[in-house]
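Colleague: I am new to this one. Show me the model, and let me ask how you know what you say about it.

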Amino acid sequence: MDVKSLGCALLVVFIWGMNFSVIKFGLEELPPIMFSGLRFLIVALPAVFFVPFPKTSAWNIVGVGLFLGVLKFGLLFVAMKADVSAGIASLLLQAQVIFTILLSVLLWKEAISRFQALGMLLAAAGFCLFFLNSQGNATIVGVSMILCAALFWAVSNLIMKRMGQVNLLHFMVWVSLIPPLPLFVLSYLFETQHPLALLAATTTKTWISLAYVGYVSTLIAFALWGWLLRNHSAATVTPFALLIPVVGMLGSGLLLDERLTGLEMTGSSLILFGLSISILGQRLFNGIYLRRQNLNRLEREDC
């Protein structure tokens with residue numbers, strides 16, 4: 001990967017990692033479901049009038065819109081309002097990697113490697129520690145909601161995996177048309193019957209938060225991520241996602257003064273180590289094996 005591509009990958013990691021702290025700022029004034037609906041509305045309008053419909057089925061748009069936009073982000077924002085800190089949310093949400101592997105095995109009978117199995121066991125142990133930590137930065141309800149959000153993210157991953165080569169930016173713009181209406185209805189029923197009055201009282205800080213989550217985190221970051229995937233193999237690009245929770249936890253510490261407890265640090269380490277083994281273990285093993293084979297061949301030639 002050249003310097004330009006490396007810089008783009010690290011920029012996306014930074015944008016998505018800091019996204020969780022920025023969401024916290026927005027949730028100080030707006031209820032979470034309304035905030036989530038607005039986040040998609042500002043992405044979809046007026047972009048859909050200028051962005052062509054992606055080369056995929058409308059059912060894929062609807063499916064990802066519901067599972068990713070309504071269910072995943074709805075649960076994530078509700079949990080982050082009061083039950084989970086920004087840093088912990090950025091980490092727990094990466095359970096989507098584990099859920100994606102498991103669903104692929106269950107639904108499509110895909111083979112699971114020993115490294116994926118070991119990584120999932122380690123990550124699962126880390127997730128369990130958060131259920132034992134009653135005095136930390138996440139409640140049991142919050143952890144449960146984030147893990148459910150990760151499961152719905154995994155379902156949307158499977159839908160996108162079956163689409164083939166699709167422009168991610170175009171796809172996300174059209175996906176963003178689906179969530180606003182159901183989210184606004186849910187917000188009206190469960191959060192506030194006076195949404196316009198609430199919006200009128202919203203300060204500039206919240207609108208900046210919405211702009212970041214909508215335009216920077218969605219449009220700019222997905223455009224860069226799509227460019228990276230078009231110009232490099234998925235095996236080269238996707239491991240950078242492991243850095244997102246690291247940036248998320250560092251960012252929440254700097255911007256929100258969040259601090260992890262000892263049990264949370266242990267759980268976080270297990271999760272990150274497990275995810276690293278699941279994603280990189282086979283590749284590292286193959287690299288070491290090939291290097292050893294080459295060394296043995298060179299030794300035989302010297303003899």
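Modeller: One term comes before the rest: two residues are in contact when heavy atoms lie within 4.5 Å. By that rule, residues 24 or more positions apart account for 90% of the contacts in the chain with a separation of 6 or more. Keep in mind that this is a predicted model.

Colleague: What makes up the chain, helices or strands?

Modeller: Helices. The chain has 14 of them and 0 strands. Read along the sequence, the pattern is α-α-α-α-α-α-α-α-α-α-α-α-α-α.

Colleague: Why is Leu 76 called buried?

Modeller: Buried means under 20% relative accessible area. Leu 76 has 1% relative accessibility, so Leu 76 counts as buried. Leu 76 is found in helix α3, residues 58–82.

Colleague: Why is Ser 252 put in that class?

Modeller: The cut-off is again under 20%. Ser 252 has a relative accessible area of 3%, and is therefore buried. Its place is in helix α13, residues 244–255. Across the chain, buried residues make up 49% of the 303 residues.

Colleague: Which residues does Ser 252 touch, leaving aside neighbours within four places in sequence?

Modeller: Ser 252 is in contact with Ser 21, Ala 86, Gly 87, Asp 257 and Glu 258.

Colleague: And which residues does Leu 76 touch, with the neighbours within four places left aside?

Modeller: Leu 76 is in contact with Phe 20, Ala 89, Leu 93, Ile 146 and Ala 149. As for Ser 90, 14 residues from Leu 76 along the chain, the two C-alpha atoms are separated by 9.8 Å.

Colleague: What makes a set of residues a nonpolar core?

Modeller: Its members are buried residues of listed kinds, Leu and Phe among them, joined through side-chain atoms within 4.5 Å. The largest such core here has 83 residues, and Leu 76 and Phe 171 have the most contacts inside it. Helix α1, residues 3–26, gives the most to this core, with 10 residues. In soluble globular proteins, nonpolar side chains tend to be buried together.

Definitions and conventions: Residues numbered from 1 in each chain as written. Predicted model: local features only at pLDDT ≥ 70, side-chain atom pairs only at ≥ 80, totals over all residues. Heavy atoms only, no water. Buried < 20%, exposed > 50% of the residue type's maximum accessible area, 1.4 Å probe, protein only. Helix = DSSP H or I, 4+ residues; strand = E, 2+ residues; numbered from the N terminus.
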